[in-house]
Amino acid sequence: MNVYSLATKGFVSIPYPPELRTKVRGAMDSWKAFCALPALEKLKLSGGDRKKDFGYMFRQDIGPRADRKELFHATLPNLSALYEQAELVKQSEATAFIGATDTLLEAVSPFISDFAKSVERTYGLNGFPNEVSTSRRLWTLRYLHYFANNASKGDVLAHAHADRGGFTLHMDEDSPGGEYLSFNGRWRPFPLTEKETIIFPSLVLQHRSKGWLKALCHRVVATAETAGKERFSMVAFVDFTDKVRWNDAKHRSQEKAPGFNYAMSHENFSKFFTTQ
Ligand SMILES: [Fe+2]
């Protein structure tokens, strides 16, 4: 796996092994089928409260960042609870969706391990593959569904931010609109194709690599093609147990200027972190 462009461009495009691509498609189709279920049925797969942050979530934010979306988080440790909850929904789409998620979490594991090995080799992050593979319980699959809205071309659907964990796989989306902030300060569309996934570093990997790999700032905008329409997408957040984490109590990462971390020294960047 060639991961050189992580440092030069901020992300890599990696061809999917065909079997993995098929499983991603299966999971995405089953998410769409799940989304079509009645709202009260979907809520049976909720994690209970916003803090627990797993299962089905419906978000209707108001104010300048208004958006309406539904999302779903799955990790290995909460799969068995999700299977049980899916049984309470008397519709086969619910169990099929959790089954496809389970299959995908399994199938993506060797792919993520290969990526971690390539990062270790290319950037000298000794021990990185082990840190990643022993943290599988922390990996999160996130499914997103933005409802049809009255956005116009150029409107921002997801505001500029860097992800907080280790690294992010952008696995699938049914329409364009994802953009990244390049190192020279320009917004560019992610070059997404059917056959590839995009991986980019998040805040903890920037810290772990001592600033070699920058947490990539990204956002979602409405394009001429997608304005006003619903949008489905899917990402995997791969966390690993570094000894530090972003100090959210003191520093809200969402409130930082886009790309604040690109030219910052590692010493200054480290001040935003706290020990676990
Ligand atoms: Fe993100």
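Below are some questions and answers about this predicted model.

Q: How do you know that the radius of gyration of the chain agrees with a compact globule?
A: For 276 residues, a compact globule would have a radius of gyration near 19 Å, and the chain has 18 Å, so the two agree. Along the principal axes, the C-alpha atoms fill a box of roughly 55 × 40 × 40 Å.

Q: What makes up the secondary structure, and what share of the residues is buried?
A: The chain has eight helices and 13 strands. Buried residues account for 33% of its 276 residues. As for contacts between residues at least 6 apart in sequence, 77% of them join residues at least 24 apart.

Q: Why is H145 called buried?
A: The cut-off for buried is 20 or more other C-beta atoms within 10 Å. H145 has 20 C-beta neighbours inside 10 Å, so it counts as buried. You can find H145 in strand β4, residues 140–146. Setting aside neighbours within four places in sequence, H145 is in contact with C35, K69, E70, E230 and F232.

Q: Why is C35 called partly exposed?
A: Partly exposed lies between the two cut-offs, 12 or fewer for exposed and 20 or more for buried. C35 has 18 C-beta neighbours inside 10 Å, so it counts as partly exposed. This residue belongs to helix α2, residues 18–35. Beyond residues up to four places away in sequence, C35 touches E70 and H145.

Q: How do you know that the span of helix α5 agrees with its number of residues?
A: Helix α5 covers residues 92–123, and at 1.5 Å a residue its 32 residues should span 46 Å; the end C-alpha atoms are 46 Å apart, so the values agree. There is still a kink of about 30° at S109 in α5, shortly before the proline P110. After α5 comes G124, with a positive phi near 65°.

Q: Which residues of α5 are buried?
A: They include A94, F97, I98, L104, L105, V108, I112 and F115.

Q: Which residues touch the most other members of the largest nonpolar core?
A: Those are F11, W31, I199, A236 and V238, in a core of 54 residues. Helix α5 gives the most to this core, with 11 residues. In soluble globular proteins, nonpolar side chains tend to be buried together. Leaving out neighbours within four places in sequence, A236 is in contact with V108, W139, T140, L141, L169 and M171.

Q: What makes β9 a mostly covered strand, and which strands pair with β9?
A: Strand β9 takes in residues 196–201, and five of its six residues are buried. Strand β1, residues 12–15, pairs with β9 in the antiparallel sense over four bridges. In β9, E196 stands opposite P15. Strand β6, residues 167–173, also pairs with β9 in the antiparallel sense, over four bridges. Here T168 has F200 of β9 as its bridge partner.

Definitions and conventions:
Residues numbered from 1 in each chain as written. Predicted model: local features only at pLDDT ≥ 70, side-chain atom pairs only at ≥ 80, totals over all residues. Helix = DSSP H or I, 4+ residues; strand = E, 2+ residues; numbered from the N terminus. Rg over C-alpha atoms; globule rule 2.2 N^0.38 Å. Contact = placed C-beta atoms within 7 Å. Pairing = 2+ DSSP bridges. Expected span 1.5 Å × (residues − 1). Bend = angle between axes of the 7 residues up to and from the residue. Core = buried A, V, L, I, M, F, W, Y, C linked by C-beta atoms within 7 Å.
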